[in-house]
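Subject: Structure for you to look at

Hi,

Here is the structure I said I would pass on. Have a look at it first, and then read my notes.

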Amino acid sequence: MATLGRLSRRVIATSLSGHLRHERNHKLLLLGRRSLATEAQSAIKESPDRVKWDYRGQRQIIPLGQWAPKVAVDAYVAPNVVLAGQVTVYDGASVWNGAVLRGDLNKITVGFCANVQEKCVVHAAWSSPTGLPAETLVDRYVTVGAYSLLRSCTIEPECIIGQHCILMEGSLVETNSILEAGSVLPPGRRIPSGELWAGNPARFVRTLTHEEIKELPKLATAVNDLANAHFSEFLPYSTVYLEVEKLKKSFGILI
């Protein structure tokens, strides 16, 4: 019995010493890792040239590679719009809430005093099946209704695209034309100048009158005036609006 007792005490002592040794080695390993991590953090210095983005929320301007969106000084781009890649928004143009302009494959251009309204999606493909330029062009004084989808299409000056329209690759809307709401313009389809088209797929309805053609740019101008009112509410600096209000009061402008 005495021999069994001595053997059991030896086994317990050996196991306890092995466990303590293992814990001591584990602690030393953790301390070594912490010291290495601290040294690595102190050695890494952030470059002063690095662009600091706010990743907490949605980014409005997203550069892709060598391309960065360009927005004119007096163009209105709503706060929750996304512009990515080769996107150019010219003077007096407006892009309204929730629209996405994704120029990751080709160019997207929104011309002078044109407007792309709420929840529109504008994209451009690598190439067009018709051989026409694959970039997407919304030319001057063009109105694009809400929830429309534009992909590698060309819209010439002074046109109206109704709400929920779809314009596919290579489609062309010539100047002074109207595409009715909910219409689908198939790939390569052309709407001649001065005509009204509608349907899925879009078909010729009638020729626009001279009075209707004169009214086309007035809609874009009215939207531009409305955009200016919105633009004054989204100033780039936090308290500048107070100075603007004082200036308006001094000139007798109603706020």
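Below is what I found in it.

First, the ground rules. This is a predicted model, so local features need pLDDT of at least 70 and side-chain atom pairs count only at pLDDT 80 or more, while totals for chains, interfaces and linings use all residues. Residues are numbered from 1 along each chain as its sequence is written, and side-chain values use heavy atoms, with hydrogens and water left out.

**The chain as a whole**

The secondary structure comes to 3 helices and 20 strands. Of the 255 residues, 35% count as buried. Buried here means under 20% relative accessible area, exposed means over 50%, and partly exposed is in between (1.4 Å probe, protein chains only). The chain exposes about 15900 Å², and carbon and sulfur atoms supply 59% of that; the areas come from the Shrake-Rupley method with a 1.4 Å probe, and for residues only the protein chains shown count as cover. Among contacts (heavy atoms within 4.5 Å) with a separation of 6 or more, 22% are between residues 24 or more positions apart.

**Strands**

An open sheet is made by 8 strands in the order E3-E5-E7-E10-E13-E16-E19-E20, with mixed pairing. Two strands pair if DSSP finds at least two bridges between them. At the edges sit E3 (76-77) and E20 (203-207), each of which pairs on one side only. Inside that order, E7 (residues 115-116) and E10 (residues 143-144) run parallel and are joined by 2 bridges, with valine 116 opposite valine 144.

Strand E4 (residues 82-89) is also worth a look: 7 of its 8 residues are buried. E4 pairs with strand E6 (residues 100-110) in the parallel sense over 7 bridges. Strand E1 (residues 61-62) runs parallel to E4 and is joined to it by 2 bridges, with isoleucine 61 opposite leucine 83. Strand E2 (residues 70-71) is parallel to E4 as well, again with 2 bridges. Threonine 88 in E4 stands opposite lysine 70, and its bridge partner in E6 is threonine 109.

**Helix H2 and what covers it**

Helix H2 (residues 210-231) has 22 residues and reaches 33 Å from its first C-alpha to its last, close to the 32 Å expected at 1.5 Å a residue; that expected span is 1.5 Å times one less than the number of residues. Its buried residues include Leu216, Pro217, Ala220, Val223, Asn224 and Ala227. Among the elements that cover the buried residues of H2 are E3, E5 (94-95), E7, E10, E13 (160-161) and E16.

Leu216 turns up again around asparagine 176, which it contacts. Asparagine 176 is in the loop between E15 (172-173) and E16 (178-179), and counts as buried because its relative accessibility is 16%. Leaving aside neighbours within four places in sequence, its other contacts include Pro157, Glu158, Cys159, Ser193, Gly194, Glu195, Leu208 and Ile213.

**Salt bridges**

I get 6 salt bridges, taking one to be a side-chain nitrogen of Lys or Arg within 4 Å of a carboxyl oxygen of Asp or Glu. Here are some of them:

- Glutamate 169 and arginine 151 have their closest N and O atoms 2.6 Å apart. The two are 18 residues apart, with glutamate 169 in the loop between E14 (166-167) and E15, and arginine 151 in E11 (residues 149-151). Glutamate 169 is buried at 16%, whereas arginine 151 is partly exposed at 24%.
- Arginine 190 and glutamate 174 meet at 2.8 Å, N to O. Arginine 190 lies in E18 (residues 190-191) and glutamate 174 in the loop between E15 and E16, so the pair ties together parts 16 residues apart in sequence. Arginine 190 is partly exposed at 41%, while glutamate 174 is buried at 18%.
- Glutamate 212 and arginine 206 meet at 2.9 Å, N to O. Glutamate 212 is partly exposed at 27%, and arginine 206 is partly exposed at 33%.

Cheers

Terms used. Helices (H or I, at least four residues) and strands (E, at least two) are DSSP runs, numbered from the N terminus.
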